[in-house]
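Welcome, and thanks for taking a look at this one. Please have the viewer open while you read the briefing.

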Amino acid sequence: MSLASRTLAARLPDIVGAAHVINEPAQLAFYEIDGKTPGAAVRPGSREEVADVVKFAAAENLAVIPSGARTKLGIGLPPARYDIALDMTRLDRMIAYDPADLTLSIEAGHSLSKAIGLLGDHRQFLPLFVPYFNRATIGGTIASGVDSPLRQYYGTARDYVLGMEFVTADGALAKSGGRVVKNVSGYDLHKLMIGSLGSLGVIVSVNFKTFPAPVATRGFVATFDSMEKAVEMRQRASKSALTPLTMEILSPRVADMFLSEAASRIGSGAMPADVLSPKHWAFSSGYGGTEKVLARYESDFQKMAAELGAAHTAVLDSNTRPPAFSRKREFIPIALSEAFSPATTIMKISVLPSRMKELLTVVQIAGDSYSLEWAAVARGVGVIYVAFFPRDKDEQWRARVMNVSDEIFTTCEKIGGNATIPWTRSGWKSTLKIWGPERSDFAQMQKVKNVFDPRGIFAPGRFVGGL
Amino acid sequence: MRRASPAGARRKIDGARPGDYSCREEATTTHPATSMDTRLLNDLKKLLGADMVLHQPEELLLYEYDGSVETARPNCVVFPRNKEHVQGIVALANRYQVPLVGRGAGTGLSGGALARRGGIIVSFTRMNRILEVDVENQRAIVQPGVVNAELTAATAPLGLYYAPDPSSQKACTIGGNVSENSGGPHTLVYGVTTNHVLSLEAVLPTGELIRIGSQAVDSVGYDLPGLFVGSEGTLALVTEVTVRLMRIPEMVKTLLAIFNTLDDTTETVAAITAGGITPAACEMLDGWTLRAVEAYVHAGFPLDSAAVLLIDIDGTREEAELQAEEVAEVCRKHNAREVRVARDTRERDLLWKGRKNAFGAVGRFSTTYYVQDGVIPRTKLPQTLRRITEISEKYGFQIGNIFHAGDGNLHPLILFDARDEKQLRGAVAAADEIIEFCVQMGGAITGEHGVGMEKDRLMPLIFNETDLDLMRHVRDAFNPTGLLNPEKVLPIKKGCGEIYSRPLPAAGASPP
């Protein structure tokens with residue numbers, strides 16, 4: 001036992017109780033991140049206990065990595081240090097939900113899907129239909145900054161997180177924002193926490209604006225014989241009077257993925273057949289409202305699709321839409337399935353919507369020239385997820401992934417976009433540019449990190465530029 | 001609006017402890033308010049041209065004020081025309097250790113653009129070009145001095161508009177909006193400034209030119225635009241802004257719901273949102289205010305009602321028609337005595353003209369008024385309005401209410417005579433009671449006007465010293481010498497020797 005381990009074993013039970021400290025190597029393997037196992041894992045039961053754990057870690061200069069359901073810890077660089085796994089799942093209270101105010105205050109360890117389920121009793125919801133939806137926690141969802149297909153209409157977490165409480169690197173409880181829908185009192189520090197991978201503080205609770213659920217939703221899918229036409233459909237829809245809830249372009253390979261065994265494990269029913277085709281690009285959009293509104297969307301979409309010479313169109317109803325939607329939501333976990341590749345590598349690319357064609361063309365050409373199979377889901381707002389499926393995990397395939405990703409980084413720099421590699425093999429993280437090329441605003445991010453965590457005890461080394 | 005008397009009287013007691021970082025700005029930036037180093041003035045003139053530097057007392061008079069009840073005199077006002085000028089100004093401010101304050105149109109309501117500790121006001125009114133409108137991607141790149149309404153006017157022929165629309169939109173600038181994270185009536189469904197800013201170029205008080213965020217969504221790393229928007233000019237001087245534009249909806253329905261009691265009106269607001277409809281705007285005008293407005297605008301507001309709701313519903317034809325009918329039904333169910341629907345753009349514009357010119361209308365009735373800005377959960381509207389009525393009676397001031405009811409953002413207008421010292425103090429006390437009640441209701445001290453120099457002393461109502469210290473450290477990381485907009489937003493730490501008397505509202509005297 002190292003000195004650090006002995007200190008942990010001696011002190012942590014005083015803070016959270018012996019039952020909530022994990023020291024056994026076999027159990028600690030569960031908390032591994034990129035091959036690193038912590039010295040101990042703790043499961044605090046209150047925000048005060050979280051603060052005390054951090055206070056202790058700060059005093060001993062121990063590195064802390066907070067986590068929820070551990071579904072999105074693949075994002076980021078391997079930790080430089082990792083002493084304490086801070087398991088937040090016992091902080092699972094719904095603090096306040098005021099349906100009439102459309103506000104929710106909830107602890108970080110609360111299940112996301114259960115929270116949305118409870119809001120459903122009041123015909124409300126949070127537009128956070130993120131990957132690993134059924135397992136994800138509130139805190140992990142916010143800290144990992146993952147997005148939802150519904151961002152087309154509702155935006156991202158930064159648009160509806162009203163405030164937050166978090167534990168600082170001194171082990172103090174701090175907050176910013178509030179519980180009201182409009183608020184300019186003080187700096188919006190909570191916005192910095194979103195997508196920060198726990199590198200600035202430990203989120204203990206989040207205040208949300210909730211949304212009324214649409215009375216009914218439906219989906220429209222049109223398939224095309226070229227990427228250009230599918231993208232053009234998105235451009236036309238954006239210029240129309242319609243304001244759909246989701247809008248995506250799917251590459252041909254997605255059809256197989258959504259019909260696969262891996263996708264059926266999501267457990268939301270069978271993917272309707274003859275909606276997607278492995279030979280076609282698809283445009284897919286969800287929309288909500290009353291019958292009259294739904295009919296308007298359908299007729300406008302049908303008209304646009306016909307004008308562009310769609311190969312096939314389909315309307316998804318309350319039975320067929322959920323399985324299709326949940327597959328779109330779970331594109332990343334499906335792509336990461338061993339069934340497709342032993343080394344799936346997923347890039348997140350954002351470009352101006354008018355540049356989507358250009359970017360997807362680069363992906364097509366680069367993928368072909370390196371014989372690297374790939375699949376893409378491109379959101380209407382200009383965020384493109386591309387999954388690459390190397391046939392092997394050896395150096396030859398790593399090099400191909402690196403060459404393709406480098407071409408994409410170069411294109412992004414040229415056309416004013418951003419790209420990162422949120423998911424890849426741990427072993428490839430040291431050579432691929434996980435966070436993309438060096439950024440001109442990195443110095444400003446360093447300033448932020450230095451304010452929040454001057455000694456680098458929160459998830460050290462994992463964030464952009466190794467912050 | 002002209003101000004009756006200088007205000008913001010303040011006593012300063014020496015004794016700041018050197019080394020206490022929160023006092024540092026004071027130690028380094030105290031300057032006599034009457035003289036300015038002529039060498040600095042000469043250097044500024046050399047940089048910008050003599051006509052771009054104002055420093056005569058009569059030239060500075062206008063810049064002592066903004067739309068708030070505060071005043072503070074700058075030593076000079078400068079007008080940069082490009083970012084190099086801004087960098088040059090910052091360099092000079094550093095060399096001479098003089099405070100810097102950015103300013104747009106000066107319509108702010110919390111003293112954000114006032115030179116609380118003197119120094120240089122950097123007016124962005126000459127940096128007022130729309131650099132690019134990208135129709136395909138629904139974005140615009142603008143200089144900070146572009147007037148809010150002009151951006152919408154320029155993009156409307158292309159089918160687009162800029163959503164945040166403060167009441168001062170005909171004058172206020174995008175740069176000012178970014179600093180204050182401004183709202184407006186139509187931010188209920190589409191969000192406030194921060195939801196529409198993608199990227200910023202700015203000069204830090206250290207002179208560094210930075211670019212944060214990106215033209216594409218989801219810039220990599222920490223959400224720096226999220227931090228900078230709404231930082232009230234305390235972190236950087238913004239030199240360029242990329243904003244998102246919205247598509248003009250196919251249909252807008254404007255409803256005027258008329259009520260006989262305040263309670264019916266406020267309960268209707270909560271019922272609309274709780275019923276699953278989010279209107280594009282949901283504004284409330286109480287009886288007193290709408291009588292004032294009607295006398296001025298002649299919009300056809302009913303003179304004998306207790307309050308009205310002015311509601312916009314937008315979307316596709318199908319969505320707007322249906323939701324307008326649903327909203328009208330909710331209003332009737334809550335005893336609206338009449339629900340009018342604007343028949344055309346002219347009627348609609350007239351109703352909105354009444355709303356947006358309300359403050360001007362009120363100016364005809366009182367020599368002075370104090371516009372407050374508090375926010376509460378919208379279900380707490382009924383008791384909060386009742387409490388405001390009690391406070392009005394207790395202090396003997398007429399208090400008008402005209403506000404963004406849909407998101408619980410109150411704007412009580414306290415009418416008083418600023419020439420009477422006792423009334424002045426009373427008005428501030430009444431305002432404080434209202435804000436304290438908002439906080440008790442689970443609300444916040446400002447919804448859209450900002451903290452500035454008006455409410456820094458109220459920040460401890462909602463934040464403890466840990467929260468405030470963290471914010472101070474963030475400020476100090478970007479504004480290490482405290483030269484940029486000193487003594488705003490964050491209260492000076494206790495023990496720094498600075499004791500303020502309550503800010504005395506100057507407010508506007510209307511022409512007789």
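This is a predicted model: local features need pLDDT of at least 70, side-chain atom pairs count only at pLDDT 80 or more; totals for chains, interfaces and linings use all residues.

Residues are numbered from 1 along each chain as its sequence is written, and chains are lettered from A and ligands numbered from 1 in the order in which they are written.

**Chain B overall**

- Chain B contains 16 helices and 24 strands; helices (H or I, at least four residues) and strands (E, at least two) are DSSP runs numbered from the N terminus.
- Among contacts in chain B with a separation of 6 or more, 74% join residues 24 or more positions apart; a contact needs C-beta atoms, placed from the backbone, within 7 Å.

**The largest nonpolar core**

- In soluble globular proteins, nonpolar side chains tend to be buried together.
- Here the largest nonpolar core has 308 residues, and A:V386, B:V308 and B:I414 touch the most other members; such a core is a set of buried Ala, Val, Leu, Ile, Met, Phe, Trp, Tyr and Cys residues joined through C-beta atoms within 7 Å.
- Helix 15 of chain B (residues 421–440) is the top contributor to this core, giving nine residues.
- Beyond its neighbours within four places in sequence, B:V308 has contacts that include B:L256, B:I258, B:F259 and B:F301.

**Where the chains meet**

- On the chain B side, 68 residues are in contact with 66 residues of chain A.
- Helix 16 of chain B supplies the largest share of the chain B side, eight residues.
- The chain B side divides into 28 nonpolar, 28 polar and 12 charged residues; Ala, Val, Leu, Ile, Met, Phe, Trp, Tyr, Cys and Pro count as nonpolar, Asp, Glu, Lys and Arg as charged, and the others, Gly among them, as polar.

**Two partners of helix 9 in chain B**

- With helix 14 of chain B (residues 381–395), helix 9 of chain B has axes that come within 8 Å and cross at roughly 145 degrees; axes are lines fitted to C-alpha atoms, for helices over the stretch in contact, with angles from 0 to 180 degrees between N-to-C directions.
- Residues meeting there include B:L262 and B:V269 from helix 9 of chain B, and B:L381 and B:L385 from helix 14 of chain B.
- That contact has six nonpolar, one polar and two charged residues.
- With helix 11 of chain B, the axis of helix 9 of chain B comes within 9 Å, crossing at roughly 140 degrees.
- Here B:T268, B:A271 and B:I272 of helix 9 of chain B meet B:V327, B:V330 and B:C331 of helix 11 of chain B, a contact with five nonpolar, one polar and no charged residues.

**Domains of chain A**

- Chain A is divided into domain 1 (15–89), domain 2 (94–212), domain 3 (217–332) and domain 4 (341–428), with bounds from an automatic or database domain assignment.
- The C-alpha centres of domain 3 and domain 4 of chain A are 23 Å apart, and 16 residues of domain 3 of chain A are in contact with 15 residues of domain 4 of chain A.
- Helix 9 of chain A gives the largest share of the domain 3 side, five residues.

Conventions:
Two residues are in contact if their C-beta atoms, placed from the backbone, lie within 7 Å. A residue is buried if 20 or more other C-beta atoms lie within 10 Å of its own, exposed if 12 or fewer, and partly exposed in between; C-beta atoms are placed from the backbone.
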